[in-house]
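Here is my note on the model you sent.

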Amino acid sequence: MKKIILFLCFSVLVACSSPKEEPVNSVKEDEIKEVTVYKMISFYEVSEEQPLIFEEKDNIDTFLHAVDSAKREPGVVDMADPEYKFKIGKEYYFLWIHEKSGTIMNTSDTNTIYSLTKESAEKLFLLLQ
């Protein structure tokens, strides 16, 4: 009887717990000295234009906050070519950005996209103009 009660308690705990969502960013904030942004021609081709390099803490924090607050979207994706690719620490992300919305994708997981918050999209859009 005790085994059945223990099993039921364990089952309820497992059923009620939600799996932790993997963060899109595994970089520690204090390790970041700059963010480099490349204009893209396609998923596989970077534009010959000089990359933008952001070294100011406020700008770096804008990118970090955008990545950290992005919401994972369900399902497998098929995306148009990205507008930008940016590097934070050792991580690279593709970026699709508009005035009020944006999407990022970690280049090491091209099956998953993350939607930026409206606030983050607006700030990144202004930085990149």
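1. N111 is partly exposed, at a relative accessible area of 44%. That value falls between the 20% and 50% limits, so N111 counts as neither buried nor exposed. N111 sits in the loop between β7 (102-106) and β8 (114-115). Please keep in mind that this is a predicted model.

2. Which residues does N111 touch beyond its neighbours within four places in sequence? The contacts are G75, V76 and V77. Take G75 from that set: 36 residues separate G75 from N111 in sequence. In space, their C-alpha atoms are 8.0 Å apart.

3. Now the overall layout. The chain has 3 helices and 8 strands. Read from the N terminus, the order is α-β-β-β-α-β-β-β-β-β-α. The chain has 129 residues, and 33% of them are buried.

4. Contacts and surface come next. Consider contacts between residues at least 6 apart in sequence: 55% of these join residues at least 24 apart.

5. How many salt bridges does the structure hold? There are 3. The next three points take them in turn.

6. K57 and D61 pair through their side chains, with N to O at 3.0 Å. Both residues belong to helix α2 (residues 57-69). They are 4 residues apart, which means a separation of about one helical turn. K57 is exposed, at 53% relative accessibility. The limit for that class is over 50%, so K57 passes it. D61 is partly exposed, at 24%.

7. K100 and E122 form another salt bridge, with the closest N and O atoms 3.3 Å apart. This pair links distant parts of the chain, 22 residues apart. K100 is in the loop between β6 (91-97) and β7. E122 is in helix α3 (residues 118-128). E122 counts as partly exposed because its relative accessibility is 27%.

8. Helix α3 also holds both E119 and K123. Their salt bridge brings the closest N and O atoms to 3.1 Å. The two residues are 4 apart, about one turn of the helix. Is E119 buried, exposed or partly exposed? E119 is partly exposed, at 43% relative accessibility. K123 is partly exposed as well, with a relative accessible area of 41%.

9. E34, E55, E56 and D58 gather on the surface as a patch of negative charge. Where does E34 lie? E34 is in the loop between α1 (2-16) and β1 (35-42). E34 is partly exposed, with a relative accessible area of 33%. Patch members need over 30%, so E34 qualifies on that count.

10. To recap for your reply: the N111 loop lies between β7 and β8, and N111 contacts G75, V76 and V77. Helix α2 carries the K57 and D61 pair. Helix α3 carries the E119 and K123 pair, and E122 of that helix bridges to K100. The negative patch comprises E34, E55, E56 and D58.

Note on methods
Residues are numbered from 1 along each chain as its sequence is written. This is a predicted model: local features need pLDDT of at least 70, side-chain atom pairs count only at pLDDT 80 or more; totals for chains, interfaces and linings use all residues. Side-chain values use heavy atoms; hydrogens and water are left out. Buried means under 20% relative accessible area, exposed over 50%, partly exposed in between (1.4 Å probe, protein chains only). Contact means heavy atoms within 4.5 Å. Patches are made of residues with over 30% relative accessible area and no salt bridge: like charges are joined within 9 Å, nonpolar side chains (Val, Leu, Ile, Met, Phe, Trp, Tyr) within 5 Å. Accessible areas come from the Shrake-Rupley method with a 1.4 Å probe; for residues, only the protein chains shown count as cover. A salt bridge is a side-chain nitrogen of Lys or Arg within 4 Å of a carboxyl oxygen of Asp or Glu. Lys and Arg count as positive and Asp and Glu as negative; His and the chain ends are not counted. The place of a charge is taken as NZ of Lys, CZ of Arg, CG of Asp or CD of Glu.
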